[in-house]
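Dear colleague,

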Amino acid sequence: MSQDSLIVNEKGARTGKLVISSTLLKGPVPKPWLTQPARYSWVPRYLFLLICSLGLLGGAFQIYFGLKSVPKLGNVCLVLDEQFDGDSLDTSIWTREVALDGWGNGEFEWSTDSGNNSRVEDGMLYIVPTLTEDVIGHDNVFDGYNLTLNDCTSGNSTTCWVYSNATAGTIINPVQSARLSTRLSRSVKYGRIEVRARLPRGDWLWPAIWMMPKDSMYGPWPRSGEIDIIESRGNGPSYPAQGSDWLSSTLHWGPAPLLDGYWRTTGWWNDKHLTFDEGFHTYTLEWDDKFL
């Protein structure tokens with residue numbers, strides 16, 4: 001029950017405001033939906049469970065058939081298991097390549113056979129860059145010094161010597177490092193290659209793990225191909241052109257250097273939490289006649 005009334009002010013004039021007053025409900029509030037539930041109220045519950053089950057089952061099938069479709073190598077035989085557990089670099093396996101040509105990449109280093117740049121110690125292989133001026137002096141890097149590599153391994157004699165000349169703007173590569181190869185001892189065609197390595201830290205460093213052709217059967221680079229298992233940078237994560245938290249893998253191929261099709265066959269990986277110089281990682285290539 002309710003009744004309507006108007007509020008009157010102190011002078012007896014009506015204010016025009018309408019007040020609604022109600023009496024309280026007496027007794028329990030009826031809730032018919034508890035004693036008489038709606039028909040088919042179970043449908044949403046079981047429909048939800050059915051959809052979830054179908055989603056989980058579909059995901060399981062997708063994972064199963066996805067894994068089943070991944071190409072897998074058959075039986076492979078061991079070609080090389082190098083643990084670097086000797087007192088020095090095993091030269092029956094490894095060749096230190098020595099040259100001044102920058103390996104076609106415009107590198108301002110030259111590779112040496114010095115133990116300062118590559119050595120085995122405590123079960124690990126170290127590849128270390130050093131400064132050329134520590135060997136021949138600062139001024140000789142820029143002018144008046146003839147550097148001839150008697151132990152040069154390049155087939156091109158012009159990459160085995162350089163004369164620094166300030167007038168001509170010719171300098172001797174200011175950094176020394178190492179480039180190691182198994183080309184003369186081990187080679188594979190198809191298989192699984194694993195390299196466990198910790199990458200270096202430092203600006204301008206560019207570590208690389210490559211597979212080059214033993215015999216360039218189809219002609220000079222890149223006709224005979226090149227498989228770059230990984231490349232990275234020593235620059236920190238803030239480096240705008242992908243620093244030490246990035247890796248790349250690439251295939252080089254094509255009829256001529258200017259027509260190298262690497263941009264079609266390259267990929268990048270980024271670690272959101274770490275950089276690749278903070279610890280050891282295992283870098284792996286699986287190679288068959290149908291896939292890499």
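Across the interface of domain 1 and domain 2 the rule finds zero salt bridges, a salt bridge being a side-chain nitrogen of Lys or Arg within 4 Å of a carboxyl oxygen of Asp or Glu. Please keep in mind that this is a predicted model, in which local features need pLDDT of at least 70 and side-chain atom pairs count only at pLDDT 80 or more, while totals for chains, interfaces and linings use all residues. Residues are numbered from 1 along each chain as its sequence is written, and side-chain values use heavy atoms, with hydrogens and water left out.

The domain assignment, which is automatic or comes from a database, gives domain 1 as 91-181 and domain 2 as 191-291, and their centres, taken over C-alpha atoms, are separated by 22 Å. Five residues of domain 1 are in contact with five residues of domain 2, where contact means heavy atoms within 4.5 Å. The two domains bury about 330 Å² between them, 77% of it on carbon and sulfur atoms; buried area is the accessible area (1.4 Å probe) that two parts lose on being put together, summed over both. On the side of domain 1, Phe 108, Met 124 and Arg 179 lose the most area to domain 2, together 66% of what that side buries.

The largest nonpolar core has 13 residues, and those touching the most other members are Leu 199, Met 211, Ile 229, Ile 230, Leu 247, Tyr 283 and Leu 285. Such a core is a set of buried Ala, Val, Leu, Ile, Met, Phe, Trp, Tyr and Cys residues joined through side-chain atoms within 4.5 Å, and buried means under 20% relative accessible area, exposed over 50%, partly exposed in between (1.4 Å probe, protein chains only). Leaving aside neighbours within four places in sequence, Leu 199 is in contact with residues including Pro 207, Ile 230, Leu 247 and Tyr 283. Apart from this core lies another, of twelve residues, among them Leu 100, Trp 110, Ile 136 and Leu 147.

Thr 158, by contrast, counts as exposed because its relative accessibility is 55%, and its C-alpha atom is separated by 8.3 Å from that of Asp 101, 57 residues apart along the chain.

With best wishes
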